[in-house]
Amino acid sequence: MKSDDKKSKSVAKERLQFVLVQDRVKLTPDEMDAMRDELIEVLSKYIDVDSQKIEMDVRREDDMTALVANFPLKGSK
Amino acid sequence: MAGKTIVITSGKGGVGKTTSSANIGTALAMHGNKVCLIDADIGLRNLDVVMGLENRIVYDIVDVVENNCRLEQAMIRDKRYDGLFLLPAAQTRDKTSVTPFQMKELIEKLKEDMDYIVVDSPAGIEQGFKNAIAGADRAIIVTTPEISAVRDADRIIGLLEAEGLRDPEVIINRIRADMVERGDMMDIEDMIEILAIDLIGIVPEDEGIVVSTNRGEPIALNDSAKAGQAYRNIARRIMGEDLPMMKLEKDSFISRFKKLVGLA
């Protein structure tokens, strides 16, 4: 019963955050992927990013909406 | 008098906008406020039946803007509170029968005489929504703990801000403590964090809502109903009181027992 490994509320929260990123920046999933890939490409020229662990989130703050990206470095913890 | 106008909106349909409008309006009137409820859902009116006032309608909001009657003639006085009125939507017309400008004018006029004007918005983000928010000073978004409803709420927040309606607040409706507890429903904190707006109230799922809608008596009138208490609290927060959020309890053995013996 693989689908029961995770509580359904966590699945909902993750899926919701995913669609809201697209809704808030008004990009299609393909455009989001392209942006992510290009960001990885640029950053990789200078630092060793762990592309498996990247997190991107669009957050609404007091007066603005911000793209918050997290690019962990390889071998760091 | 300079009344405040509050629009109740959501994006998604079926999350409880009309029920929330009826109950907030009723609870505000309980506190002695003069309140006018406006049904902005032209073509699909329902606030009249939720309020139990459907058989008193003679004129509607379209009659008012088209000058077929005076504003006061279209306002239906509530059965229970002298200070509570309903301005019904037209049922045989569509959303284009009223413009945002006309809505604003109408609300300006009502403000002279009312403490609060509560506008029940239709679902969607088209003209009906634009009419509903046209004269509003404050927006309350109703959502439920489901992805679709929260997603639409997020869209609405963006649209309201683009229209200059800053700092909307949210009601999380139909929350079930038992499902939250077992991890099958998003909890309040998660939703508030994601939406990044202020919470003005939580309303537990309550069978009593169906019963009260059947009877045309808003649940805010029912002293013992949890959802009624939730709406009365929301009204007090709208009036500026700082009240703690309602504790969600599971319907545990002990609480069922307490109910049985009349302790709760």
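Predicted model: local features only at pLDDT ≥ 70, side-chain atom pairs only at ≥ 80, totals over all residues.
**Exercise 1. Chain A as a whole**

Describe how chain A is built up along its sequence, and compare its radius of gyration with that of a compact globule of 77 residues.

Solution. Begin with the secondary structure: chain A contains two helices and two strands, and their order along the sequence follows the pattern α-α-β-β. Next, turn to the overall dimensions, where the C-alpha atoms of chain A fill a box of roughly 40 × 35 × 25 Å along the principal axes. The radius of gyration of chain A is 15 Å, whereas a compact globule of 77 residues would have one near 11 Å. Then look at burial, and you will find that 3% of the 77 residues of chain A count as buried. Finally, consider the contacts in chain A with a separation of 6 or more, of which 41% are made by residues 24 or more positions apart.

**Exercise 2. Where chain A touches chain B**

Work out how many residues of each chain are in contact, and which element of chain A gives the largest share of its side.

Solution. First, count the residues on both sides: 14 residues of chain A are in contact with 12 residues of chain B. Second, ask which elements of chain A give two or more residues to this side, and the list consists of helix 1 (8–25) and strand 1 (55–60) of chain A. Last, sort the residues on the side of chain A by class, which gives four nonpolar, two polar and eight charged.

**Exercise 3. Two helix pairs in chain B**

Decide how helix 5 is oriented relative to helix 6 of chain B, and how helix 1 is oriented relative to helix 11 of chain B.

Solution. Take helix 5 (residues 100–111) and helix 6 (residues 127–134) of chain B, whose axes come within 8 Å and cross at roughly 30 degrees. Because angles under 35 degrees count as roughly parallel, helix 5 of chain B is roughly parallel to helix 6 of chain B. The crossing of helix 5 and helix 6 of chain B is right-handed. The residues that meet are P100(B), M103(B) and K104(B) from helix 5 and K130(B), N131(B) and A134(B) from helix 6 of chain B, and by class they are three nonpolar, one polar and two charged.

Now repeat the steps for helix 1 (residues 17–30) and helix 11 (residues 226–238) of chain B, which pack at an angle of about 65 degrees with their axes 8 Å apart. Since 65 to 115 degrees counts as roughly perpendicular, helix 1 of chain B is roughly perpendicular to helix 11 of chain B. The crossing of helix 1 and helix 11 of chain B is right-handed. In this contact, helix 1 of chain B contributes N23(B), I24(B), A27(B) and L28(B), while helix 11 of chain B contributes residues including Y231(B), R232(B) and I234(B). By class, the contact of helix 1 with helix 11 of chain B has seven nonpolar, one polar and one charged residues.

Notes:
Residues numbered from 1 in each chain as written. Chains lettered and ligands numbered in written order. Contact = placed C-beta atoms within 7 Å. Helix = DSSP H or I, 4+ residues; strand = E, 2+ residues; numbered from the N terminus. Nonpolar A, V, L, I, M, F, W, Y, C, P; charged D, E, K, R; others polar. Axes fitted to C-alpha atoms, helices over the stretch in contact; angles between N-to-C directions. Parallel < 35°, antiparallel > 145°, perpendicular 65-115°, else oblique. Left-handed = near helix turned anticlockwise from the far one by under 90°. Rg over C-alpha atoms; globule rule 2.2 N^0.38 Å. Buried ≥ 20, exposed ≤ 12 C-beta atoms within 10 Å, placed from the backbone.
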